[in-house]
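Colleague: I would like to learn how to read a protein model. Could you take me through one?

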Amino acid sequence: MMVPLFESGCIVFCDSLEKWVDLHNRLGVYAGDGEANGMSHTVSNDGHVIHIIGLFNGKSSTLAHECSHMAFDICHRVGVNVEAGAANETFCHLVSRMVDFCSEHLKSRAVPA
């Protein structure tokens, strides 16, 4: 999906470590050590920006954690200050939209009982 609010790049969701590593290999960038429950990483090249969110343990708390890291990164890149004690609506909207996007992807993969 395009970055909500800013359309300043593309967000990609990897719901497994294998997909995370495969995507990073195709992009020719380091995927990390794979010891985490999830990861987030921004890759930019020639004006193109890809924000990659990885969820490896299936937990919604991990998804919220990684989406928060990405929202901080996006806010920083577009010049939106996130401050303690402030309303920070932009940050909160970004997190909500990314969690919804990733959660819908997970739901579409669910096998009916």
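**Reading the model**

Modeller: Start with one residue. S8 sits in the segment before β1. Keep in mind that this is a predicted model.

Colleague: Is S8 buried, exposed or partly exposed?

Modeller: Look at the relative accessible area. S8 has a relative accessible area of 31%, so S8 is partly exposed.

Colleague: Which residues is S8 in contact with, beyond its neighbours within four places in sequence?

Modeller: Those contacts are V3, V49 and V78. Take V78. S8 and V78 are 70 residues apart in sequence. In space, their C-alpha atoms are 7.8 Å apart.

Colleague: How do I read contacts for the whole chain?

Modeller: Take contacts between residues at least 6 apart in sequence. In the protein chain, 54% of these join residues at least 24 apart.

Colleague: How many helices and strands does the protein chain have?

Modeller: There are three helices and three strands. Along the sequence, their order is β-α-β-β-α-α. Now judge the overall shape. The radius of gyration is 14 Å, close to the 13 Å that the globule rule gives for 113 residues, so the protein chain is as compact as a globular protein of that length. Along the principal axes, the C-alpha atoms fill a box of roughly 40 × 40 × 25 Å.

Colleague: What should I look for inside?

Modeller: Here is the general idea. In soluble globular proteins, nonpolar side chains tend to be buried together. In this protein chain, 32% of the 113 residues count as buried. The largest nonpolar core has 16 residues. I53, L63, I74, L94 and M98 touch the most other members.

Colleague: Which elements each supply at least two residues of this core?

Modeller: They are β1 (10–14), β3 (48–55), α2 (60–78) and α3 (89–109). The most comes from α2, with six residues.

Colleague: Can we go back to L63? What is L63 in contact with, leaving aside its neighbours within four places in sequence?

Modeller: L63 is in contact with F13, I53, L55, V99, C102 and S103.

Key. Residues numbered from 1 in each chain as written. Predicted model: local features only at pLDDT ≥ 70, side-chain atom pairs only at ≥ 80, totals over all residues. Heavy atoms only, no water. Helix = DSSP H or I, 4+ residues; strand = E, 2+ residues; numbered from the N terminus. Rg over C-alpha atoms; globule rule 2.2 N^0.38 Å. Buried < 20%, exposed > 50% of the residue type's maximum accessible area, 1.4 Å probe, protein only. Contact = heavy atoms within 4.5 Å. Core = buried A, V, L, I, M, F, W, Y, C linked by side-chain atoms within 4.5 Å.
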